[in-house]
Amino acid sequence: MSELPDSRPEAAEIQRTGILFSGIQPSGNIHIGNYCGAIRNWVRLLDDYHCIFSIVDYHAITAPYDPSIMQARIRQATLANIAAGLDPERCLIFVQSQVPEHTELTWIFNTLTPMGLLGRMTQFKEKSRRSEENINVGLYDYPVLQAADVLLYRAEAVPVGEDQVQHIEFTRDLARKFNLRFEPYFPEPQALVPSSGARILGLDGKSKMSKSLDNYIGLLEEPEAIWEKLRPAVTDEKRIRRSDPGEPGDCNIYTIHQCFSPPEVQEWVVDGCRSAGIGCIDCKRKLHEHMMNVLDPIRERAKELERKPEVVDEALARGARECRVRAAATMEDVRRITGLR
Ligand code: AMP
Ligand code: TRP
């Protein structure tokens with residue numbers, strides 16, 4: 001895993017030839033955790049790699065869902081990502097299920113994957129604890145499909161939030177295993193994790209901010225609605241009274257500041273919190289102000305895109321078209337290498 005600096009690397013260090021892949025599930029509203037942990041970096045890396053982003057519907061259906069709103073969610077996720085800066089002229093965006101090779105490669109990888117390993121994956125354990133009645137094989141096989149996503153395009157870089165690092169390590173191991181069992185073919189991809197914002201907690205301050213829990217701030221929510229959520233959000237629990245000092249390192253609000261506020265404001269928070277010079281509400285007001293500096297233009301672009309549905313349609317059509325060609329080429333090779341042709 002390599003840490004991604006918060007500013008862009010110097011031009012000399014930029015590697016433009018590699019392929020970058022990442023995915024996001026269309027399982028609910030895109031939230032600021034997605035933005036801080038993933039999308040913000042995707043946008044920064046657009047010029048450094050050949051970037052491919054997938055709306056991973058096959059992953060999303062491993063959890064209970066309503067088929068009648070799936071297409072709307074796919075469109076909404078695409079629109080939010082484009083509004084957040086994934087310019088479809090500078091990258092490919094496609095829907096996973098429109099490229100059937102993802103599941104074909106998954107099958108081949110299944111035969112290289114020990115069952116015990118999947119049973120020990122943190123996300124599988126957490127999700128199966130949460131949804132006891134629906135521990136399906138897809139949920140179990142989820143990391144293998146994810147590895148197929150990345151390796152189908154022979155991607156080298158995979159920018160993700162912290163919760164996905166284990167899956168990318170698994171992907172590396174699988175690539176190595178394939179290369180040893182057959183012949184060197186797949187690169188071992190690197191997870192790129194941001195130095196701040198890789199794990200944003202929910203407004204409850206306990207579990208990870210998540211689309212499936214009612215603990216998130218949506219990327220496209222209106223300023224007033226965001227304030228209504230931010231105002232009562234949990235902070236460092238040591239700050240019971242205004243005069244109690246706190247520790248920013250123990251406060252989710254500070255973690256969010258690190259994503260949205262300039263360095264001098266972050267310093268103001270650290271000093272003010274530790275000395276009880278500022279209260280949590282002062283700190284949240286400042287955060288809201290800086291969040292809006294980032295989110296206002298994203299929300300405006302999203303509204304514009306809603307009036308131009310052809311932008312999303314064309315982006316997804318081109319993404320599917322080009323990804324199908326790349327995926328077909330990899331599968332040709334893989335079938336030959338594995339003796340299936
Ligand atoms: P998902 O919504 O699970 O498809 O996640 C899409 C991307 O957002 C992945 O790279 C995740 O690691 C990242 N992500 C999701 N939730 C969070 C969070 N609470 N904090 C930071 N990154 C997150
Ligand atoms: N599993 C990822 C998540 O829940 C989404 C994902 C699917 C992904 N395929 C991927 C991320 C490939 C990176 C690379 O966040």
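Helices (H or I, at least four residues) and strands (E, at least two) are DSSP runs, numbered from the N terminus. This is a predicted model: local features need pLDDT of at least 70, side-chain atom pairs count only at pLDDT 80 or more, and totals for chains, interfaces and linings use all residues. Residues are numbered from 1 along each chain as its sequence is written, chains are lettered from A and ligands numbered from 1 in the order in which they are written, and side-chain values use heavy atoms, with hydrogens and water left out.

**Exercise 1. Describe the fold of the chain.**

Step 1. Count the elements. The chain has 13 helices and 6 strands.

Step 2. Check the radius of gyration, taken over C-alpha atoms; the globule rule is 2.2 Å times the number of residues to the power 0.38. For 341 residues a compact globule would have a value near 20 Å, and the chain has 21 Å, which agrees.

Step 3. Look at burial (buried means under 20% relative accessible area, with a 1.4 Å probe and protein chains only). Of the 341 residues, 53% count as buried.

**Exercise 2. Work out how ligand 1 is held.**

Step 1. List the neighbours (a heavy atom within 4 Å). There are 19 residues around ligand 1, and Gln25, Gly161, Asp163, Ile200 and Lys211 come nearest.

Step 2. Find polar contacts (pairs of N or O atoms within 3.5 Å). A polar backbone atom of Gln25 is 2.9 Å from an oxygen atom of ligand 1. A polar side-chain atom of Asn34 lies 3.0 Å from an oxygen atom of the ligand. For Ile200, a backbone N or O atom lies 2.8 Å from a ligand nitrogen atom.

Step 3. Assign the shell to elements. Strand E2 (19–24) and helix H1 (32–44) each give two or more residues. H1 supplies the largest share, 4 residues.

Key:
A polar contact is a pair of N or O atoms within 3.5 Å; within protein, one must be able to donate a hydrogen and the other to accept it, and residues adjacent in sequence count only if both atoms are side-chain atoms. Buried means under 20% relative accessible area, exposed over 50%, partly exposed in between (1.4 Å probe, protein chains only).
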